[in-house]
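Please keep the sequence and the structure in view while reading.

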Amino acid sequence: MLAQYKEILQAYLEGRGETQLYLAQQLSKWFLRQNISPEEIVDMHLLALEQTLDIPEPVQESFHFLTEVMIEYGYLYREHHSLRNKQQQLEHEIEAAVTMQYQLLSDCRPSYPDIDIGLVSVPAKRMSGDYYNFIQHEDHSFSLAIADITGKGIPAALCMSMIKYAMDSMYLSSIDPSKMLFYLNGVVERNIDSSMFVTMVCGRYDVNRHRFQYAVAGHDPGILYRAKEQQFLDLTGQGVALGVKRNASYPENEVDLLPGDMLFLMTDGVIDRKVGQRYMQREDLVAYIQREIGNPAQVLADNLYRKLLEASSFELPDDHTMIVIQRK
Amino acid sequence: MAVANRIVIENEQDIVFARQTGRNMSKQLGFGNIVQSRIATAISELARNIFLYAGKGTITLEAVEDEGKSGIRITAEDQGCGITDIRKAMEDGYSTSGGLGAGLPGVKRMVDHFTIESAVGMGTKVTVVKWNN
């Protein structure tokens, strides 16, 4: 190493050529690969110089001074290395967690001849803070939930797995949405840091009567499209977010779907985005939906995701989840 | 031949003296420039920890030999309040973010052997060995 350094240095001192400078640059890449730190290079320079020229003593001593000055940079250089290794480890862990989360959110949409269901869920970062699920019951109904967990990434994902298992255990029977939220509120309140909370719409769809019963916990209840009138209506309903108030109650609401009617349930990320200089408004979203009416539910949800992403210059600041349900 | 140098650390002048002593020892043992600097820096960091966190303590320097290698052992001891979470103190970025220099992980990386004993209220003892290579 020293020999090569000395050789290039000597050649440079003799000819001052760009070739040697180019070689020096290549050498520094090699030093980096060999984990040679800055102070070692200063020392190497001095050694090479001593073997090449007569250097006055003060100059020689000044290199010792420079070595000391470079020591802290050497520290940082080595710390950087070790942090990079640690980061790679974390990346692997996150990768495993992403795979697990993917399984938690597996697509389990029920299928009925006269109901069309579309679903899109895309995380803003690698792990999603949005949650959804569908459970098909034996009494000609299915339950569904859409939720947004405050924060994103790993803490949200951990919270999500808790919610999933709490819901799974409750869904052994066809439970009312308001009871489900009451129960989940208790689970979240007891088990999650007070700075975190979860917003959710929980619903049950009666397949025979096409009646959608739902309860709301601090979440946007969604939009109803009336096919006959070609009108978009905001679903009503309110309730405090899960994990905020102990024993909160979640009143039940219901709407009946007529043929062609559609329900749009979504998380904040669908609408919370900038289009050009301004934030997207609900009317803008409705206009986007309107242009997609007539498509099957899944195509509609996919197109909407794509067009909204285009509109916000391909930036997705928050997780985007949308469920579309159409009575055929 | 192993003479131990024990230096009481109470102020920054003592830190300089400890560094100087370590450097002179490594010079006498014929260690290279870089090893000398590393030893001086390790002493410096350990002594600074004593000065900043315990107020008072000692640095002991000894020449050591093993299978033909020669090196210097540095023992830093104090009776300060101890380290509550050693794992945390050994994490990268924990002390450096506060601008305190390399801290313990930095010292650990530049020496060949590193042990730490610490208990809350009982003080801290860090022992490191740097071989001349």
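In what order do the 5 strands of the open sheet in chain A stand?

## The open sheet of chain A

The order is β1-β12-β9-β6-β7 (chain A), with antiparallel pairing. Helices (H or I, at least four residues) and strands (E, at least two) are DSSP runs numbered from the N terminus, and two strands pair if DSSP finds at least two bridges between them. The model is predicted: local features need pLDDT of at least 70 and side-chain atom pairs count only at pLDDT 80 or more, whereas totals for chains, interfaces and linings use all residues. Residues are numbered from 1 along each chain as its sequence is written, while chains are lettered from A and ligands numbered from 1 in the order in which they are written.

β1 (115–122) and β7 of chain A are the edge strands; each has a single partner strand, so one side of each is left without a neighbour in the sheet. From one strand to the next the twist averages 15 degrees. β1(A) is joined by 8 bridges to strand β12 (residues 320–327) of chain A, and the two run antiparallel. Within this pair, Ser121(A) has Thr321(A) of β12(A) as its bridge partner. Strand β6 (residues 223–226) of chain A is antiparallel to strand β7 (residues 231–234) of chain A, with 4 bridges, and Leu224(A) is bridged to Leu233(A) in β7(A). The hairpin of β6(A) and β7(A) has 4 residues between the strands, and Gln230(A) takes a positive phi near 50 degrees there. β6(A) is also joined by 3 bridges to strand β9 (residues 262–266) of chain A, again antiparallel; the partner of Tyr225(A) in β9(A) is Met262(A).

Strand β5 (residues 211–217) of chain A has 5 of its 7 residues buried, so it is largely enclosed by the rest of the structure. A residue is buried if 20 or more other C-beta atoms lie within 10 Å of its own, exposed if 12 or fewer, and partly exposed in between, with C-beta atoms placed from the backbone.

Strand β4 (residues 198–206) of chain A pairs with β5(A) in the antiparallel sense over 7 bridges, and Met200(A) is partnered by Ala217(A) in β5(A). β4(A) and β5(A) form a hairpin with 4 residues between them, where His210(A) in the turn has a positive phi of about 55 degrees. β5(A) also pairs with strand β8 (residues 253–256) of chain A, antiparallel and over 4 bridges; here Phe212(A) has Val255(A) of β8(A) as its bridge partner.

## Helix packing

Chain A has 9 helices and 12 strands. Helix α9 (residues 297–311) of chain A lies across β1 and β12 of chain A and runs at about 25 degrees to β1(A). Axes are lines fitted to C-alpha atoms, for helices over the stretch in contact, and angles run from 0 to 180 degrees between N-to-C directions.

Helix α4 (residues 57–104) of chain A packs against helix α5 (residues 153–170) of chain A at an angle of about 35 degrees, with the axes 11 Å apart. The crossing of α4(A) past α5(A) is left-handed, that is, the near helix is turned anticlockwise from the far one by less than a right angle, clockwise being right-handed. α4(A) contributes Ala97(A), Gln101(A) and Leu104(A) to the contact, and α5(A) contributes Ile154(A), Ala157(A), Met160(A), Ser161(A) and Lys164(A). Two residues are in contact if their C-beta atoms, placed from the backbone, lie within 7 Å. The residues of this contact divide into 5 nonpolar, 2 polar and 1 charged. Ala, Val, Leu, Ile, Met, Phe, Trp, Tyr, Cys and Pro count as nonpolar, Asp, Glu, Lys and Arg as charged, and the others, Gly among them, as polar.

## Nonpolar cores

A nonpolar core is a set of buried Ala, Val, Leu, Ile, Met, Phe, Trp, Tyr and Cys residues joined through C-beta atoms within 7 Å. The largest has 55 residues, and those with the most contacts inside it are Ala145(A), Leu181(A), Val198(A), Met200(A), Leu242(A), Ile323(A) and Val324(A). Neighbours within four places in sequence aside, Val324(A) is in contact with Ile117(A), Gly118(A), Met262(A), Phe264(A), Ala297(A), Leu300(A) and Ala301(A). A second, separate core of 25 residues includes Ile50(B), Ile72(B), Ala76(B) and Val128(B).

## Contact between the chains

The contact takes 13 residues from chain A and 11 residues from chain B. On the side of chain B that touches chain A, α2 (33–54) and α4 (103–110) of chain B each supply at least two residues. α2(B) gives the most to that side, with 4 residues. The residues on this side of chain B divide into 2 nonpolar, 7 polar and 2 charged.
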